[in-house]
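Dear colleague,

Please find the structure below.

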Amino acid sequence: MNIPFNKPYITGNELDYIKDAVFRGKISGNGYYTQKCHEFFQQRYRFKKCLLTTSCTDALEMAALLCDIQPGDEVIVPSYTFVSTANAFVLRGAKIVFADSKTDHPGIDESKIEQLITSRTKVIVPVHYAGVACNMDVIMDIANRYNLFVVEDAAQAIDSYYNGKPLGGIGHFGCFSFHETKNIQCGEGGMLVINDDRFLKRAEIIWEKGTNRAEFFRGEVNKYGWVDIGSSFLPSEVTAAFLYAQLENVDSIQFKRKKIWDHYYAKLKSIADKSSFRLPIIQDYTTNNGHMFYLLCNSGKTRSELIGYLKQNGIWAVFHYLSLHKSPYYSDKHNGRKLPESDRYSNCLVRLPLFYDLSTGDISYITQAINSFDFIG
Ligand SMILES: *Cc1c(COP(=O)(O)O)cnc(C)c1O
């Protein structure tokens with residue numbers, strides 16, 4: 001038996017659309033398929049404006065530019081996240097103020113944000129871990145009271161909702177990833193969602209290397225030039241064509257992933273009750289988009305042993321983030337505040353294989369292996 005942790009799903013139309021993109025004769029960015037992807041998101045989720053990027057990392061960097069981060073500005077980021085969530089702002093000279101996770105979920109603890117705010121605070125970055133929403137009403141209320149921007153790291157959160165509102169569409173900006181480990185993928189890819197009218201024009205300029213070329217292509221100006229800072233954030237049409245083939249299948253992909261998630265949950269519920277591990281908790285205010293299935297062991301030692309035991313059985317389960325406040329790059333810049341929940345997820349969380357082609361038989365095999373593992377010993 002060999003069950004990988006992830007296996008990217010291919011819908012079948014990717015190569016046809018890439019071929020079509022090539023024969024359309026415009027292979028650089030912002031062509032036919034890029035527009036199709038933008039329209040898909042703007043129609044399905046009523047996002048105000050979408051711009052495809054080459055990664056979620058790029059979308060976060062664009063958001064940092066649009067927030068006009070200056071050296072010394074402070075940005076509140078959960079410690080339990082991917083490096084890009086913080087790095088995008090560090091590149092602009094920001095000081096990262098790390099926040100702890102919730103006791104019942106790895107997402108940022110909204111009740112601990114307000115105490116971190118100073119006169120230099122400019123942005124809060126909630127990360128919707130596992131596609132499960134942060135408590136956005138509380139976060140938006142804090143942001144409004146202190147006049148802060150909210151950049152949602154929705155890298156894992158496609159097609160997931162907070163109280164009926166699509167994630168990525170609530171804060172000032174939303175950032176998505178289409179990396180091959182995400183639900184909808186194109187190898188490497190991402191998207192910035194702009195939800196605030198004030199930033200629509202500048203976002204397009206930063207996206208197009210600091211030029212007003214997008215306006216020029218729409219015939220709104222008769223020449224284009226260098227008008228602001230920017231960089232090369234557009235993916236090529238080859239990437240957008242691949243992505244569009246995936247987007248057309250979003251409903252079947254989501255249906256399948258949620259079914260796998262539910263299947264895991266049903267099988268592991270009774271085992272969790274008699275063992276010393278915990279299953280994910282999903283609050284009423286959020287949907288679950290089937291991005292990830294994880295368990296929480298009661299110690300780092302048990303977690304390592306479980307991963308080793310599953311590997312012996314041909315199952316590739318993996319741990320996840322290491323607290324960023326303890327990272328080699330940031331530990332000496334962190335103010336020493338303890339973030340025990342983030343550390344607990346760093347030490348105790350195990351992710352199980354979850355991908356479109358994971359079969360019912362695979363899930364039974366994995367849950368049986370977990371059942372035969374000695375959690376106490
Ligand atoms: C995957 C991921 C990213 C980075 O996405 P890329 O598209 O690989 O740049 C950022 N944040 C979170 C929470 C992620 O899961």
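A nonpolar core is a set of buried Ala, Val, Leu, Ile, Met, Phe, Trp, Tyr and Cys residues joined through side-chain atoms within 4.5 Å; buried means under 20% relative accessible area, exposed over 50%, and partly exposed in between (1.4 Å probe, protein chains only). The model is predicted, so local features need pLDDT of at least 70 and side-chain atom pairs count only at pLDDT 80 or more, while totals for chains, interfaces and linings use all residues. Residues are numbered from 1 along each chain as its sequence is written, and side-chain values use heavy atoms, with hydrogens and water left out.

The largest nonpolar core comprises 52 residues, and F41, F178 and M191 have the most contacts inside it. Among the elements that give two or more residues to this core are α2 (32-44), β9 (190-194) and α8 (237-247). The greatest contribution is that of α8, with seven residues. Helices (H or I, at least four residues) and strands (E, at least two) are DSSP runs, numbered from the N terminus.

Leaving aside residues up to four places away in sequence, F41 touches R46, F47, C50, I158, F178, M191 and L247; contact means heavy atoms within 4.5 Å. Another core, of 38 residues, lies apart from the largest one and includes M62, A64, L192 and F233.

Two asparagines deserve a separate note. N147, in the loop between α5 and β5 (149-153), has a positive phi, near 60°, and is exposed, with a relative accessible area of 71%. N163 lies in the loop between β6 (161-162) and β7 (165-166); its phi is near 45°, also positive, and at 47% relative accessibility the residue is partly exposed.

Yours sincerely
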